[in-house]
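Let's take a walk through this structure together, one region at a time. Keep the sequence beside you as you read.

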Amino acid sequence: MKFTLSWLKDHLDTSASLDEILVGLTRIGLEVEGVENPGEKLAAFRIAKVLTAERHPQADKLQVLSVDAGDGPLQVVCGAPNARAGLVGVFGMPGATVPANGMVLKVASIRGVESNGMMCSTRELELGDDHDGIIELAADAPVGDVYAEWAGLNDPVIDVSITPNRQDCMGVRGIARDLAAAGLGSLKPLTAEPAGGEGPGPDVRTDDPAGCPAFFAQGVNGVSNGASPKWLAKRLRAIGQKPISALVDITNYITVDLGRPLHVYDKAKLSGGLVARKAKAGETVLALNGKTYTLDETMTVIADDAHVHDIGGIMGGEESGVSDTTTDVVIECAYFDPEHIARTGQKLMLTSDARQRFERGVDPAFLDDGLAIATRLVLDLRGGQPTGITRAGEPPLGTRSYAYDPARAETLGGLAVAPERQRAILTSLGFTVSDDWQVTPPTWRRDIDGPADLVEEVIRIEGIDNIPSVPLPRAPGVATPTATPEQKLERRVRRAAAARGLDEAVTWSFISEAEAAPFGGGAFTLANPISEDLKVMRPSLLPGLLSAAARNVRRGAGTIRLFEIGRRYLADKERPTLGLILAGDRRARHWQTGKAQGFDAFDAKTEALALLAAAGAPVDNLQVFGEAGDAWHPGQSGTLRLGPKTVLAAFGILHPNVTRAFDLDAGVAAVELYLDAIPGKRSAGFMRPAYTPPALQAVRRDFAFLVPGGVAADALARAVKGADKAAIVSARVFDVFSKDGETSMAVEVVLQPGDKAFVEAELKAIADKVVAAAAKLGASLRG
């Protein structure tokens, strides 16, 4: 929320400097996001008087002026129609930068006549939209003075981030109250003098007590709408709002000043009285932003006998808005339920200053005062005669009180604060504190919900920085491990991936529908995403990694090796997963190796097996199955499984259509490890068993088999290893070649003797078992 320093001082009587106020705001939990002084960019612009104005000799629409900016006459070429001798305006000296377009003024020749600077319009100085002529100041404006200082534009604009629970600080007065409680001044009293009206009040009622419990209104007849006075327009413009007309600007001003949204209706555009009610399904309203919204029966609206005129608490309607011809108005000051406002705003995807305040919860006790202040401003600025006030419904004024123990500031907040100091803090914030420490929150603090919140109020005002640093108590002895088996597993695979040269990435858990589609689409889609690119909860980690790889490729990266540990969001549950991609060149071109080489499916399989081994998976027992799915390249991908059903990983080359969708070239290798599918180790106590190497040396035997087509090397190795589980500790294929339609596979078998060495008869028996096991796959021993 933005406000100016002078605006803050309308509510806060303080001698504190700007820096002290900024530090104080952040200290009490109102984070300052930025400060800008609009007068600084106008420091080079002075008040100047036009001494003479002569026609340009080479252009009918230009004049040659003699301008005095305090240092004597200067010649300036000007095309403004209102430029004339005797006019006092704003002059930009050579070297000044024009705020509107960034142009640096310099001495230049315009149609053959030298020009030393520029007389400026309000648009060029970003002080308004008028560009029909140059600024005209009062005749007694001090020539030579800096314009920003004379006009009071050196008024810093402070931008504060308001957390959702601090609805009371959505108005300048609420921020001033907090600063006063923090000792940076005193809160000035607020005047809310009712405008005594004549006759009955406007015809308003509420038929939706759940969505709009209270609907107050007062009319003003005979107003003369027009432009706002300079002080009001200047304030709104300083915080980025465009002045529209006095009646509209008054409501916008009170919204920011007091955190109290209001709305003004043109009475002549209404058909009958106004009623707060639930919308009918299919009703539409043309809002002030020029868009038409279709409503449903859960939404609260303000309507007359013919039309819906207002999306209650969010935005007014175009059809009943005030204009320059408005003479009779109805000022609405209502209370809308925060939950209803939030749901309606989310459904319509519509936000506004009013919604931001109503969905946090405005002060339900401020309806009369808010209406009185608005009516008084209308009367003072645009005249008219007030009517009576209509009060329909009752605002929810239920009070809450909590028994509070001052000692909790130290036991819960960690800071010892004297009881009387705590009483003073709470009182200055608007709380009522009885002698027996029953504390009643003010009506504007709906976020207070117990003694813990009272402690928070005391501590933030006293100063979080004052809390002493105290070490946590530590139990004697060795600390008990706190990491879960799942966390330990993630640590192991993260370290293993990093040790293998992979770079860890952290990507969004939300992706676009287009990115999710190649991976089967997402099971969960957000109804109100912050962006269409972050709409679907990811079914795989690969889309985010592919997007990251594409960004790196566009920045010239030659080799990309990325991994991420996160969650996939499937229909049944969240699944912890490790994803990795290998893109670009596996090996750069070199005089020894020739052309650059890309990654292939075997690179992905190597990474998958290494990471599964680090995770403790029984990699020797894994089986390789065929294609991993539609997102993977057929014939160049597979899965690693424990048995036919338990899939531990998918690996291989991604389908060219997938990589093309992410603006990547074909040939991207990838792996997904399904961490929750890896079987956990059986607990065998805290101590590891002592390492006992075999007493006897292992024996190695090589077998060469002719195998029929279609038999995988992995299947042959598993069959050989299972031929004698007591003696054979490993089997691996170390050579493969094909000739005349036949394939030869050579297998190394490692035999480990136990208590005694193998004799020749035992070795022959084992060899016979190996040949018999291979024969079951159709393989025969090569002669």
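Predicted model: local features only at pLDDT ≥ 70, side-chain atom pairs only at ≥ 80, totals over all residues.

How much of E35 is buried? Seven of the nine residues in this strand, which spans 646–654, are buried, so the strand counts as mostly covered.

Now let's turn to another sheet. This one is open and has five strands in the order E6-E5-E4-E7-E10, with antiparallel pairing. Which strands stand at the edges? They are strand E6 (73–78) and strand E10 (118–119); each has a single partner strand, so one side of each is left without a neighbour in the sheet. Further in, strand E4 (residues 45–55) pairs with strand E7 (residues 88–92) over five bridges, in the antiparallel sense. Within that pairing, Ala48 has Gly89 of E7 as its bridge partner.

The largest pocket holds about 1,300 Å³. Of the 45 residues that line this pocket, Leu127, Gly128, Ala233, Lys234 and Arg237 are the closest to its centre. Which element gives the most to the lining? That is H5, with seven residues. Helix H5 (230–238) is one of the elements that each supply at least two lining residues, along with strand E1 (2–4), strand E3 (31–36), helix H3 (147–150) and strand E11 (157–161). Sorted by class, the lining has 21 nonpolar, 15 charged and nine polar residues.

Let's finish with some individual residues, starting with His309, which sits in strand E20 (residues 308–311). His309 has a relative accessible area of 1%, so it counts as buried, the cut-off being under 20%. Its side chain makes a polar contact of 2.6 Å with the side chain of Asp304. Beyond its neighbours within four places in sequence, His309 is in contact with several residues, including Tyr265, Lys269, Leu270, Val285 and Ile302.

Val417 belongs to the loop between helix H10 (408–411) and helix H11 (419–428). Is Val417 buried or exposed? With a relative accessible area of 9%, this residue is buried. Leaving out residues up to four places away in sequence, Val417 touches Gln422, Val458 and Glu462. The C-alpha atom of Val417 is separated by 64 Å from that of Gly652, which is 235 residues apart from Val417 along the chain.

Val619 is also a loop residue, found between helix H16 (601–614) and strand E33 (623–625). Val619 is partly exposed, at a relative accessible area of 27%. Not counting residues up to four places away in sequence, Val619 touches Leu609, Leu612 and Ala613. Between the C-alpha atoms of Val619 and Pro164, 455 residues apart along the chain, the separation is 51 Å.

How values were computed: Residues numbered from 1 in each chain as written. Heavy atoms only, no water. Helix = DSSP H or I, 4+ residues; strand = E, 2+ residues; numbered from the N terminus. Buried < 20%, exposed > 50% of the residue type's maximum accessible area, 1.4 Å probe, protein only. Polar contact = N/O pair within 3.5 Å; in protein donor to acceptor, adjacent residues only side chain to side chain. Contact = heavy atoms within 4.5 Å. 1 Å grid on protein atoms, 1.4 Å probe; cavity = no way out; pocket = protein on both sides within 12 Å on 5 of 7 lines; lining within 4 Å. Points joined across faces, edges and corners; volume = space filled by probe spheres on them. Nonpolar A, V, L, I, M, F, W, Y, C, P; charged D, E, K, R; others polar. Pairing = 2+ DSSP bridges.
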